[in-house]
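Please look over the following chain together with its sequence.

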Amino acid sequence: MPKHKVSKPTAAEYQNARASWSSIKAPDSMHNIGKCVAAFKVIASYTDTARDSKYDKANNLRIVFSRTGTVTYYSQYPAKLGLKGIKLGTYPEMHYDTACKKAKDLAEGHIQAHTVHQALDLYQAYQKLRVQNNALKPRSFVTYCCRIKKLKTYFEPKERITELRVKRVYEIVDKIIENETNTYAIELFAALRRFTRFAVKFTDGVNTAATLPQDYVSAIVSKPMPTELYMLVDDVAELWINANAARSLHQKNALHFMILSGLRPHNVCEMRLEWLDSLTAPTRLTFPGARGKEFGHMKSGREFTIPLTTGMKEILLEQINWIKNAFPDGDCKYVFLKPSNPNEHFSTSTLNSNMKLFSPVNCLHGEFHENTVKGSAGPFCTALRKFVKSNMNGLLHEFFANNKEARLISSRALDHAPENDEMSLMRYDFSDKMFDFSPEVLKHAFQMHENWVMKAIKIASKRPRKLTGEEAKKEENKQENAVKTALRAKIKQALGKTGYSAFINSKLPGTNTTVREHMLVKSGRDLIEQYLAA
C-alpha cells in the first residue's frame, strides 16, 4: 500500500505559522512550547529547514526545535564558564520547569558537567579511598585501575556523562564484545555497570547501564571455563633445575619455594619475615587472617599456617642470610625482594615471567580449549599449585583407605575450601582447631611431596634436558633470521645491490606495506617470494 504523501503547506498557512512562531519570543511554558512545535512543523515543511532555536535568557536555556517535532533543552551560558551547550533533556519527557531548574543547578554546581573521562577519574579516586579505609584490597584496586583505563578508550574525550544515553551504552558494549576476548568483555561490562552506578551523582540519579540485561554480554560470548592443563613431576623437576640459572637469588628461591609450598604467586612475593616463628630456626610460616576491617592475606581470608619442610627451611635461611648482609640495620620486611630495588617485595609479574622462561617446552599436558582462563600463553603459576595438590593427593592416598581423607588433607595444606563445600562455609568449619588437625599431618604431607620432587630432580639431572621457553624462543628467532638472510641474498642476486636498495623500500603491487615491513612476518615473506617468482 503506497504511503500517504503529506502535501506542502500553502503560502497562507506558512504566513500564519510564521506569525505564531514570531509572537513567542521565549517559550516560557509547556503551552507555548507546544504552539512553537506546531508552528515550526509548518515552517520546516514549507522552507525545508531542519531545525531552529529559541532562547530563554532569563533561565539560561536554548530550546532547539526539529522538523520531526522533537524539542531539546540545552544550557546557554557564556563559553568561558564551560557550561554552554550541555543537553538537559527533551520535550515532552522533561517539563519546561524541570529544564529551568537543571540549568540553574548546573550553574550553582549541584549538577556538574563532567565528561565521562573526568567521571572515571573520580570513580578511580573513590576506589583509592576505599583502599585507604580497608574496604578494598590493594591488589583489587590495581585491577580496577586497569579496567578504568581500558573503559576510557571507548569514550570520546569530550563526551559528557549527562548526555550518555542507553543507545550509546549499547554501542559501547557491542564494541567491547567485538574487540576484547570473551573473558575480558565480561569483566569490562561488569566494570561499566559499577561505574554508571557510581556516576548517578552526576546524572541526576539516572543509571543508563542498568537498563541493559545483566547477562547481555555473557549471553553473547562464551563463558570462560577453568583450564584442564596440568604439569607432571618430570617437568617440575626440570623447572627446578633450570631456575638455578636465574640471574638473582630471589628469582631462583621464589620459584623453588612455590614448587614446594604450592602457594599463590602473590602470597610468595608478599611473604614477610615477621610471619616466621623464628629467623634462626624457623618451623612454621603463618599468614594472618582478617581482623576487623583488615583483609586476610590468603584468598580465603583465614589465618593459614604452613609447617616448614627441610627444603623450605633451607630456602628461607638462605634468604634471611642475604637480607642480614644487605640490611645490617634490619630494615627489611619481606622475604623475597625485587632485584632492581631490594626495598620492595618481589614482583608477581616477574615470578609469572620466570615460570614461562624456565619451564621446559611442552610441559603442559591435557586438553587445551580456546575459551579457557589460563594456559593460552604457555606455562602459568597456577599449574604448579595444581601439581602440588594433585601430587599430595596421589601420595597420601597410599596411606589412607578412604581417598576423602587424602583430599581433605591436601585441601587444608593449600588453604582450599573443603570438598563439596562453599567458600562461605569456611567461616563455620573449625575442625582443624577443635580436633587438633595436627600440623604434623600437614608437615608430613608437604614433606612427602618435597621428597618426591627431589627424587625426580635427581633423576632429571642425569638425563638430557629439554629446551626451556627462553631457549626455544631464541632457537625460533635464529631460524627465522636465517630465512630472512636467505631471502635478502635471493633479492640481491636477482636485482643487484642497487636494485635491492630501491626494492626493499618500495611497496609490493596491491599492498600499502613496504618490502622491508613484509620481511618481518612469514605471510609477508611469502608475498615477496611470489613476486620474485613471477
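Is β2 mostly covered or mostly exposed, and how many of its six residues are buried? β2 is mostly covered, since five of its six residues are buried, where buried means under 20% relative accessible area, exposed over 50% and partly exposed in between, with a 1.4 Å probe and protein chains only. Strands and helices are DSSP runs numbered from the N terminus, a helix being H or I with at least four residues and a strand E with at least two.

This is a predicted model, in which local features need pLDDT of at least 70 and side-chain atom pairs count only at pLDDT 80 or more, while totals for chains, interfaces and linings use all residues. Residues are numbered from 1 along each chain as its sequence is written, and side-chain values use heavy atoms, with hydrogens and water left out.

**The sheet**

The protein has 19 helices and eight strands. Four strands form an open sheet in the order β1-β2-β3-β4, with antiparallel pairing; two strands pair if DSSP finds at least two bridges between them. β1 (51-56) and β4 (87-91) stand at the edges with a single partner strand each, so one side of each is left without a neighbour in the sheet. Neighbouring strands of this sheet are turned by 25° against each other on average, direction ignored. Helix α2 (residues 30-47) packs on the sheet and touches β1, β2, β3 and β4, its direction making about 35° with that of β2; such angles run from 0 to 180 degrees between N-to-C directions, with axes fitted to C-alpha atoms, for helices over the stretch in contact.

β1 and β2 are joined by six bridges, and β2 (residues 61-66) is joined to β3 (residues 71-75) by five.

| Hairpin | Residues between strands | Turn residue and its positive phi |
|---|---|---|
| β1 and β2 | four residues | Asn60, about 55° |
| β2 and β3 | four residues | Gly69, about 100° |

Among the facing residues, Ser53 has Val64 in β2 as its bridge partner, while Arg62 stands opposite Tyr74 in β3 and Leu61 stands opposite Ser75 in β3.

**The cores**

The largest nonpolar core has 65 residues, and those with the most contacts inside it are Leu255, Phe257, Leu263, Met271, Phe336, Leu351 and Leu384. A nonpolar core is a set of buried Ala, Val, Leu, Ile, Met, Phe, Trp, Tyr and Cys residues joined through side-chain atoms within 4.5 Å. A second, separate core of 34 residues includes Val131, Leu136, Cys145 and Leu164.

Leaving aside residues up to four places away in sequence, Leu255 touches Leu239, Ala243, Leu351, Asn354, Met355, Phe358 and Leu384, a contact being heavy atoms within 4.5 Å. Asn354 lies in helix α12 (residues 348-358) and counts as buried at 3% relative accessibility.

**Confidence**

The mean pLDDT of the protein is 83, and 90% of its residues reach 70 or more; pLDDT is the predictor's confidence in each residue, from 0 to 100. Confidence is highest in helix α9 (residues 249-261), at a mean of 94, and lowest in helix α15 (residues 431-434), at 50. Over residues 420-428 the pLDDT is below 50, and this stretch has 11 contacts in the model beyond near neighbours in sequence. Where pLDDT is low, the predicted coordinates should not be read in detail.
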